[in-house]
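Visitor: I would like to go through this structure with you, step by step, and ask a few questions along the way.

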Amino acid sequence: MNRLNKLFATKKDNLLSIYYTAGYPALNTTVNIAEALEKAGADFLEIGFPYSDPVADGPTIQHSSEQALENGMTLNLLFEELAELRKRVTIPILLMGYFNPIVQYGVERFCKKAAEVGVDGVIVPDLPMYEYEAMYASYFIDNNLSNIFLVTPQTSEERIRKIDELSNSFIYLLSSSSITGGSLQLTNSIEDYYKRVNALELKNPTIIGFGISDNKTFTQACAYANGAIVGSKFVKLLAEDGYMEKIPGFIKGIRE
Amino acid sequence: MKYGVNEHGYYGDFGGAYIPEMLYPNVEELRQQYLNIISDEGFKAEFDDLLKNYVGRPSPLYHAKRYSEKYGANIYFKREDLNHTGSHKINNAIGQILLAKRLGKKRIIAETGAGQHGVATATVCALMGIECVVYMGEIDMARQAPNVSRMKMLGATVMPASSGSKTLKDATNEALRDWIGNPVDTHYIIGSVVGPYPYPDMVARFQSIISEETKKQLLEQTGNELPQYVLACVGGGSNAMGMFYHFLDDEDVKLVAVEAAGKGINSGHSAATTFLGQEGVLHGSRTILMQTPDGQVVEPYSISAGLDYPGIGPQHAHLYKINRAQYTSITDDEALQAGLLCSQMEGIIPAIETAHALAQLEKMTFKLDDTVVICISGRGDKDLDTYIKYFNF
């Protein structure tokens, strides 16, 4: 059991995860932001490691990645920060990023190092199920790292069931087929999709992401899943002056 | 085919479909249908008819006599520059628009670097009356302004890609983002043998008409369908793959792929991917790409906007790794000189991309009875400004 499994074993509802990009707005901000988010009441965190070509991301996260790379963020540096982070933060940590930097680092070495510094899971949008299962799953499993798969409104039932089989902490439901940072209107078809997934009675909990930006969208998501993830909206906050002081209010605003 | 793709989309260690889940249904639909559709008799008849009567195929195989004399071999030019829209790109665009129609798609997106693929896509969309959006890096829009105007005149919307390095790779990223947001009604016409499986195989098949014709034409003109050498330039590698395709299994035919060295391989301004790259994942396939030790994609440089792509198609990566083809590189200066030489010795102004392949002749030695085929992938009209500035005409 990693921290994610423990969290999902004890808390089933209204789980709130926050995404932000490591190295943004500046180097050495990763740990302080994580600590502030834990204190403010986030249940777990997704820390993005920046990539030059983030195809699944909208302008906000693209910009944070570019800035983080300019600031000099690398996987090596992030792992150093995470080792420090674990002395001060106890909630589960996921790393989120694209596959190429992991390939360069070495997939096995990446998994070992991530586990060593206290990472609980990884979200790699462009590592597909076939390649994961055929080539890499053992590295994740051996290091007790959860690999999180995405599901979209277009994902077939057969494929969702396969994803459920390969998952061991939660499944990331995308509110729509889109890049990050879009706005979300809860339409009948999205509701139908959430209901369709719920009816499958999956063994893994579900967390909804993409387009979750305020209390309304968070509450809607939590009606159908175990929790939700806020990304672009929080990354935008980090561009503001005095963002550290605004974090408690931001989390409160999502929750209440 | 010995060097073809396997059922999971791999060529040896390269290929696959490294795509986010949002793209899975689109790519899976293609994967399941592309072979059925393109092997259908009705499809083939329509494809062949358009290639013949609209594109102007077969493109000539021209025995370049003055070049042959100069280089001491029988040099043949495969004249893709004479195709409608001025390059080989139209072959693939015709194939994919017919495929998109059969998939019931209502909207086409594409990426373009030099603008040749964008123009080809805008052209086939006009032909079929389908909405067309072309993504192009802001920097490329400035350096290939005439092609931007051509696309607009053909009715396409040209969307500037202003993220990252604002060139081809970023235009590709933007097109992929568009496709993520429009998963049902839109088909993405990728312009090269890159991207997630099945694109590299599909595009190679549509471009394979180049080598299919070449074999027939060589047989007619020389009595032997096999040359000793086949040369082509490589950015992503679609003209090269089309030019190599039907020669791959003829192991005695030496295949030479010419990358852009830019200002020199070690100048920091280069696009010589096989020399400077490492294995990794780019735009949905495992391949060789130029990157930092931390896995960030490096922006390549070449004076030719069609060759400055940081990766190569996965089949090229495979042919490189197993030594079935030789990968070499040519600098900006060498290419421009070769473009001038071809203009003045053969009366053909080649695209600067093509000029890279022509420049390779300077570095090779032939036997007098060798037959050498070079793919003249595009015409140089779009590059006149660059030539004029360089030579001070």
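Visitor: How many residues does the contact take from chain A and how many from chain B?
Guide: Residues are in contact here if their C-beta atoms, placed from the backbone, lie within 7 Å. This is a predicted model, in which local features need pLDDT of at least 70 and side-chain atom pairs count only at pLDDT 80 or more, while totals for chains, interfaces and linings use all residues. Residues are numbered from 1 along each chain as its sequence is written, and chains are lettered from A and ligands numbered from 1 in the order in which they are written. The contact takes 31 residues from chain A and 27 residues from chain B.

Visitor: Which element gives the largest share of the side of chain A that touches chain B?
Guide: Helices (DSSP runs of H or I, at least four residues) and strands (runs of E, at least two) are numbered from the N terminus. On that side of chain A, α3 (59-71), α5 (99-105), α7 (129-142) and β6 (150-151) each supply at least two residues. The largest share, six residues, comes from α5(A).

Visitor: Why is strand β10 (residues 254-262) of chain B largely enclosed by the rest of the structure?
Guide: A residue counts as buried if 20 or more other C-beta atoms lie within 10 Å of its own. Strand β10 of chain B is largely enclosed because, of its nine residues, the number buried is eight.

Visitor: Which residue of β13(B) does L255(B) stand opposite?
Guide: Strands pair if DSSP finds at least two bridges between them, and seven bridges join β10(B) to the parallel strand β13 (residues 325-331) of chain B. In β13(B), L255(B) stands opposite A325(B).

Methods:
A residue is buried if 20 or more other C-beta atoms lie within 10 Å of its own, exposed if 12 or fewer, and partly exposed in between; C-beta atoms are placed from the backbone. Two residues are in contact if their C-beta atoms, placed from the backbone, lie within 7 Å.
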